[in-house]
Amino acid sequence: MYKYVVVLHILSATVWTGGHLVLALTVLPKALKRKDPQLIFEFDSGFERIGIPSLLLGVATGLWLAYQMASDVSVWFSFESYVSTLILTKITLFALTVALAVDARVRIVSKISPDNMKTLAFHVILVTIISILFVIMGVGFRGG
Ligand code: HEM
């Protein structure tokens, strides 16, 4: 069972992190060059249909995997071991991702204009870096 859950976890990671890399490295530069935030919103509205379920699957499978490694959930918040520190780091990364998504919806999208794309670009880059950190921290469970 464990390995099937790891497969689902990694599949969700490929979609979430891969999608953000495409956004940050191909769509964002084009949008900045053309001063057209709509390019980002268009990509986002297509991607979120598979991206959000993937992130949620990654979190659900991640929590399940974490539970197999440390079934006492209070340990997750204790910095007691290397594994618990990684689990807490991943939960924190998820909280940051949610906070950035809410901030983008509430603060940025309504005020965006072609001459004011820096904050939007900063958000895209930050969420992409966090998505890569998810992968690096994940590999840390095995690789140290
Ligand atoms: C709260 C959310 C998450 C938790 C608690 C969590 C937990 C875990 C755990 C316990 C493992 C170790 C599995 C093993 O090596 O047997 C792992 C591995 C991994 N995670 Fe997560 N994860 C979370 C979210 C994510 C997300 C969103 C991504 C990617 C975007 C991700 C990417 C990875 C990768 C690439 C591995 C490496 C798998 C391997 O080495 O076999 N994780 N995660």
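Tutor: Let's start with Phe-43, which comes out as partly exposed, at 22% relative accessibility. Bear in mind throughout that this is a predicted model. The cut-off for buried is under 20%, so Phe-43 with its 22% falls on the partly exposed side. Phe-47, on the other hand, counts as buried, with a relative accessibility of 11%.

Now look at how those two sit together. Both belong to helix α2, and being 4 residues apart, Phe-43 and Phe-47 are separated by about one helical turn. For aromatic rings, the description rests on the distance of the centres and the angle of the planes. Here the ring centres of Phe-43 and Phe-47 are 5.7 Å apart and the planes make an angle of 20 degrees, so this pair is stacked. Planes under 30 degrees apart get that label. The count for aromatic pairs comes to 3, and ring pairs join Phe-43 and Phe-47 with Trp-16 into a cluster.

Stepping back to the helices, α1 covers residues 2-34 and α2 covers residues 38-69. Their axes are 8 Å apart, and the two pack at an angle of about 150 degrees. That makes α1 roughly antiparallel to α2, since angles over 145 degrees are classed that way. The crossing of α1 and α2 is left-handed. Sorted by class, the contact between α1 and α2 holds 22 nonpolar, 10 polar and 3 charged residues.

Staying on α2 for a moment, have a look at Glu-48. Its side chain meets that of Arg-105 in a salt bridge, at 3.0 Å from N to O. Glu-48 lies in α2 and Arg-105 in helix α4 (residues 82-108), so the pair ties together parts that are 57 residues apart in sequence. Glu-48 is partly exposed at 32% relative accessible area, while Arg-105 counts as exposed with 56%.

A search of the whole structure turns up 2 salt bridges. Besides the Glu-48 and Arg-105 pair, there's Asp-103 with Arg-107, where the closest N and O atoms are 2.7 Å apart. Asp-103 and Arg-107 are 4 residues apart in helix α4, which puts about one helical turn between them. Both ends are partly exposed: Asp-103 has a relative accessible area of 22%, and Arg-107 has 40%.

So, back where we began: Phe-43 stacks on Phe-47, and ring pairs bring Trp-16 into the cluster with them.

Terms used: Residues are numbered from 1 along each chain as its sequence is written. This is a predicted model: local features need pLDDT of at least 70, side-chain atom pairs count only at pLDDT 80 or more; totals for chains, interfaces and linings use all residues. Side-chain values use heavy atoms; hydrogens and water are left out. Axes are lines fitted to C-alpha atoms, for helices over the stretch in contact, and angles run from 0 to 180 degrees between N-to-C directions. Angles under 35 degrees count as roughly parallel, over 145 as roughly antiparallel, 65 to 115 as roughly perpendicular and the rest as oblique. A crossing is left-handed if the near helix is turned anticlockwise from the far one by less than a right angle, and right-handed if clockwise. Ala, Val, Leu, Ile, Met, Phe, Trp, Tyr, Cys and Pro count as nonpolar, Asp, Glu, Lys and Arg as charged, and the others, Gly among them, as polar. A salt bridge is a side-chain nitrogen of Lys or Arg within 4 Å of a carboxyl oxygen of Asp or Glu. Buried means under 20% relative accessible area, exposed over 50%, partly exposed in between (1.4 Å probe, protein chains only). Rings of Phe, Tyr and Trp (its six-membered ring) pair if their centres lie within 6.5 Å; planes under 30 degrees apart count as stacked, over 60 as edge-to-face and the rest as tilted.
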